[in-house]
Amino acid sequence: MGHSFWHSKWQKNEIGFHEPEGNALLVKHAHVLLGGGEQSSHPIRIFVPLCGKTRDIAWLLSQGVEVVGAELSEVAITQLFEELGATPTVAETEHGKVYAKDGLTVFVGDIFKLSAKDIGNISGVYDRAALVALPSQLRAQYASHLMEITHKAPQLIISFEYNQDELAGPPFSVNEHTVASLYADSYVINRLERSVLEGGLKGKVDAENLAFELVAK
């Protein structure tokens, strides 16, 4: 599964797990990302890897924080700003284009090419679409890279758990064991929630929602 897979999905508007509204688990557990910000002299800056055009970005912006995203598909990014009613500035960098407007900055292209210098200081990571979108063979590389470029910023991870034999991803099943195998050496992991996904995943297979808080050791 390479870049062409995701470019094709966005071109055909076949992003079946993109939710039209913000995620309820983000709102419920937002303290992981927002808590303590009032004591900091620096603005809260949330990194959203593989962000697509998620409505969660609008919710985060409404909380007065800055959002930095990374997304492979430029189609998704242009739709994101259109749905926000914002006309971004577009700049060229050595890694590709960067769209920016009113506290939102989104890098176009391969997340593995981004550095800590590119994204700047990050207060927290909101991962609802990255781990579940990546096949298992890429997850360790992704987790290592994410920790490097965010300096092990706290994370809120939202994922699904279901029988992978019953439905091919993405989104893939990412259970507690998987999260621990990727991050337990560097983070204290707290499972915040396990709840039934009403209607199942894509209406085809029983699934559970999972939410995790990660705090660097």
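**Salt bridges, sheet and backbone features**

The side chains of Asp56 and Arg128 form a salt bridge, with 2.6 Å between N and O. The pair joins distant parts of the chain, 72 residues apart. Asp56 belongs to helix H4 (residues 56–62). Arg128 sits in the loop between strand S6 (124–127) and helix H7 (136–150). Asp56 is buried, and Arg128 is buried too. These results come from a predicted model. In general, side chains of opposite charge can pair when their charged atoms come close.

Across the whole structure, the search finds eight salt bridges. One of them brings together the side chains of Glu161 and Arg194, at 2.9 Å from N to O. Glu161 is in strand S7 (residues 155–162) and Arg194 is in strand S8 (residues 187–196), so this bridge ties parts that lie 33 residues apart in sequence. Glu161 is partly exposed, with a relative accessible area of 23%. Arg194 also counts as partly exposed, at 35% relative accessibility. Glu161 and Arg194 are linked with Glu208 in a network of salt bridges.

Another salt bridge is formed by the side chains of Arg191 and Glu176, at 3.1 Å from N to O. Arg191 lies in strand S8, and Glu176 lies in helix H8 (residues 176–183), so the pair ties together parts 15 residues apart in sequence. Arg191 has a relative accessible area of 39% and is partly exposed. Glu176 is partly exposed as well, with 32% relative accessibility.

The strands build an open sheet. Nine strands take part, in the order S3-S4-S5-S2-S1-S6-S7-S9-S8, and the pairing is mixed. Strand S3 (89–93) and strand S8 stand at the edges; each has a single partner strand, so one side of each lacks a neighbour in the sheet. From one strand to the next, the twist averages 20 degrees. Strands of a sheet pair through backbone hydrogen bonds, in either the parallel or the antiparallel sense. S8 and S9 pair in the antiparallel sense, over nine bridges. Within this pairing, Arg191 has Phe212 in S9 as its bridge partner.

Helix H7 touches strand S1 (45–49), S6, S7 and S8. The direction of H7 makes about 160 degrees with that of S1. Helix H8 packs on the sheet too, touching S7, S8 and S9. The direction of H8 makes about 165 degrees with that of S8.

Most residues other than glycine have a negative phi, and most peptide bonds are trans. A cis peptide bond joins Gly169 and Pro170, with omega about 0 degrees. A cis peptide bond also joins Pro170 and Pro171, with omega about -5 degrees. Pro170 is in the loop between S7 and H8, and Pro171 is found in that loop between S7 and H8 as well.

Positive phi values occur at Asp102, near 50 degrees, and at Lys202, near 60 degrees. Asp102 is in the loop between strand S4 (96–101) and strand S5 (104–108). With 63% relative accessibility, Asp102 counts as exposed. Lys202 is in the loop between S8 and strand S9 (207–216). At 42% relative accessibility, Lys202 counts as partly exposed.

Note on methods:
Residues numbered from 1 in each chain as written. Predicted model: local features only at pLDDT ≥ 70, side-chain atom pairs only at ≥ 80, totals over all residues. Heavy atoms only, no water. Salt bridge = Lys/Arg side-chain N within 4 Å of Asp/Glu carboxyl O. Helix = DSSP H or I, 4+ residues; strand = E, 2+ residues; numbered from the N terminus. Buried < 20%, exposed > 50% of the residue type's maximum accessible area, 1.4 Å probe, protein only. Pairing = 2+ DSSP bridges. Axes fitted to C-alpha atoms, helices over the stretch in contact; angles between N-to-C directions. Contact = heavy atoms within 4.5 Å.
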